[in-house]
Amino acid sequence: YRFFGEPVVEACVENGASCIDISGEPQFLEGMYLKYNEKAAEKGVYVIGSCGFDSIPADMGVLYTRDKLKGTLTAVESFLSVKSGPEGSCVHDGTWKSAVYGLADQDNLRRLRKKIGYAPVPVVGAKLKRRGLVFYNQEFKEYSIPFMGSDGSVVKRTQRYLHTELQETPVQYGAYVNIGGLGSVIKLMFAGILFLLLVKFSFGRKLLTKYPEFFSAGRFTKKGPTQKQMDGTSFTMTFFGEGYSEGQDPQNGKPNVKICTEVKGPDPGYIATPIAMVQAAVSLLEDSACLPKQGGVYSPGAAFSKTKLIDRLNKHGVEFSVISKPEV
């Protein structure tokens with residue numbers, strides 16, 4: 001999207017058509033907001049980014065968790081697990097390139113955010129502690145690391161919008177991914193250090209993009225997965241939420257309710273993503289009365305929080321459910 005996405009957004013806005021994409025690149029998503037939000041509002045069209053696996057499960061999952069908690073949800077952590085079948089799993093190198101160029105360009109993302117001048121999102125309730133770079137997760141009996149995708153930035157944009165425009169209580173969010181046992185941690189640390197070193201230099205970036213299979217130990221390939229690999233792969237995203245029961249003031253005392261919810265579906269990149277994208281498009285067309293009052297550039301949660309998107313996803317194989325009811 002960094003190289004090829006903008007002409008599509010520009011053409012849609014100029015010609016009065018709404019558009020959605022499946023980008024997981026914060027710099028592209030937020031750059032489009034800076035450049036086209038006002039124009040899209042004038043034209044009455046909706047530009048809704050990250051409508052694939054990045055970041056509909058996370059963004060709508062937080063809203064689903066909020067709606068299922070009796071009271072005020074103030075913080076959520078999500079943990080992603082991806083299971084693959086006997087054939088293993090791999091991802092097309094387009095995703096790899098997004099990561100290479102995204103990490104190399106962190107400074108520009110910071111500058112872009114300064115230009116936008118985001119209003120700070122207030123912290124309501126107990127502050128959510130950030131976890132370490134690697135930690136053992138008692139809930140899953142395996143190691144977890146922070147999730148490097150765009151989920152965190154997309155959820156934050158949604159929460160900012162819901163707070164400033166609709167006066168809803170903002171939810172703090174932390175995104176993590178489960179990686180397995182100690183062996184996986186050691187492999188990942190070596191790969192991660194090498195990746196971060198190479199990404200800093202143009203020669204390193206050339207190597208990374210030319211030989212994705214070598215540098216990712218076969219996880220990213222120029223061919224992408226086989227049908228068998230896709231059929232054998234699935235994901236589960238588990239959300240642990242905490243908040244305050246009805247009548248409790250979130251500004252006083254510790255959170256006193258907890259809830260656990262889940263979003264699960266088939267292969268995230270190649271089956272769940274098109275499901276999410278198509279159902280987002282159907283919601284855009286059929287739930288138009290429930291969209292934000294005016295056009296603009298939106299994150300999925302900001303655009304679809306009042307629509308039937310979650311119901312639609314449930315009917316098509318990306319399932320939202322409550323794992324444990326809110327407990328005081």
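Trainee: What does the accessible surface of the protein chain come to, and what share belongs to carbon and sulfur atoms?

Mentor: The accessible surface is about 17100 Å², with 56% belonging to carbon and sulfur atoms; such areas come from the Shrake-Rupley method with a 1.4 Å probe, and for residues only the protein chains shown count as cover. This is a predicted model, in which local features need pLDDT of at least 70 and side-chain atom pairs count only at pLDDT 80 or more, while totals for chains, interfaces and linings use all residues. Residues are numbered from 1 along each chain as its sequence is written, and side-chain values use heavy atoms, with hydrogens and water left out.

Trainee: Why is the protein chain called as compact as a globular protein of its length?

Mentor: The chain has 13 helices and 12 strands, these being DSSP runs (H or I, at least four residues, for helices; E, at least two, for strands) numbered from the N terminus. Its radius of gyration, taken over C-alpha atoms, is 20 Å, and the globule rule (2.2 Å times the number of residues to the power 0.38) gives 20 Å for 328 residues, so the description holds.

Trainee: What makes Ile193 count as buried or exposed?

Mentor: Exposed means over 50% relative accessible area, buried under 20%, and partly exposed in between; Ile193 has 52%, so Ile193 is exposed. Ile193 lies in helix 7, residues 182-199.

Definitions and conventions: Buried < 20%, exposed > 50% of the residue type's maximum accessible area, 1.4 Å probe, protein only.
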